Amino acid sequence: MEHIVILTGAGISAESGLKTFRDSDGLWEGYNIEDVATPDAWYINPVLVQDFYNQRRKSVLEAQPNAAHYALAKLEEKFKVTIITQNIDDLHERAGSTNVIHLHGIITRSQSSKRATLTYPIEGWELKMGEKCELGSQLRPHVVWFGEQVPMIETAAEICSMADAFILIGSSLAVYPASGLINYVPNDIPKYIIDPKIPPVHGVSNLVKIEKKATAGLPILVARLMDSF
Ligand code: NAD
């Protein structure tokens with residue numbers, strides 16, 4: 001069975017009402033990322049950081065998957081599919097995709113601030129100060145902050161190197177190390193980028209650029225792949 005590997009970024013969830021970074025001048029919902037998405041921010045003002053992610057979690061829970069998320073789930077009818085996502089929302093899973101790697105964590109879980117491997121489901125939208133992990137330390141959102149290790153990056157790179165086709169959707173390729181994953185994809189396989197503003201990619205062969213929004217471009221591409229492979 002052919003293995004299709006997909007890398008998604010914030011753009012795939014834009015039409016579900018979740019804002020991207022780069023479309024908002026480098027701010028995330030009006031905040032500088034250094035103030036809310038770094039270990040220093042958590043050290044300096046944990047209440048602000050907790051509240052920021054509580055609001056993001058609320059928006060994610062209120063959002064619904066869109067036609068692009070559903071199109072990717074449909075690929076599983078015919079292919080082995082791995083979705084590597086930079087997104088911290090759970091819209092791929094809610095659309096029915098069963099094999100999703102969250103490079104930057106997932107906002108519906110909490111994480112021990114002492115040991116990152118201890119994670120727990122969150123009931124509802126709010127993670128409160130005072131809620132603790134089994135080691136007695138404050139729970140924080142299960143997201144990878146800027147400046148932190150990306151534990152899944154090596155697994156993701158290996159998966160990219162075994163792809164039979166590769167699709168990139170809705171990422172500016174500005175966030176390292178996810179931005180380098182495309183370089184692990186074999187030269188000779190078909191690759192597609194779907195984005196209304198195609199990000200700069202260099203030295204990548206067999207690349208088809210589809211300059212469209214995800215919900216316009218993906219269902220058509222998926223239908224074509226289902227017919228042609
Ligand atoms: P980014 O904000 O840097 O880039 C978004 C990309 O999506 C841009 O290239 C833009 O042209 C494209 N885009 C905008 N609307 C689109 C649409 N309708 N269809 C397809 N593409 C569209 O996003 P990034 O590269 O994923 O990096 C941002 C980081 O911020 C990630 O690490 C992620 O963890 C985090 N983030 C996540 C979410 C989420 O989980 N939904 C939202 C915002 C930010």
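A polar contact is a pair of N or O atoms within 3.5 Å; within protein, one must be able to donate a hydrogen and the other to accept it, and residues adjacent in sequence count only if both atoms are side-chain atoms. The model is predicted, so local features need pLDDT of at least 70 and side-chain atom pairs pLDDT 80 or more, while totals for chains, interfaces and linings use all residues. Residues are numbered from 1 along each chain as its sequence is written, and side-chain values use heavy atoms, without hydrogens and water.

**Exercise 1.** State which atoms of aspartate 89, glycine 170 and aspartate 195 lie by the ligand.

*Solution.*
- Step 1: Aspartate 89 places a polar side-chain atom 2.8 Å from a ligand nitrogen atom.
- Step 2: Aspartate 195 has a polar side-chain atom 2.6 Å from an oxygen atom of the ligand.
- Step 3: In glycine 170, a backbone N or O atom lies 3.2 Å from a ligand oxygen atom.

**Exercise 2.** Describe the shell around the ligand by residue class and by domain.

*Solution.*
- Step 1: The shell divides into 10 nonpolar (Ala, Val, Leu, Ile, Met, Phe, Trp, Tyr, Cys, Pro), eight charged (Asp, Glu, Lys, Arg) and 10 polar residues (the others, Gly among them).
- Step 2: Domain 1 (1–18 + 65–104 + 149–229) and domain 2 (19–62 + 107–143) each supply at least three shell residues; the bounds come from an automatic or database domain assignment.

**Exercise 3.** Relate domain 1 to domain 2.

*Solution.*
- Step 1: Taken over C-alpha atoms, the centres of domain 1 and domain 2 are 25 Å apart.
- Step 2: 14 residues of domain 1 are in contact (heavy atoms within 4.5 Å) with 13 residues of domain 2.
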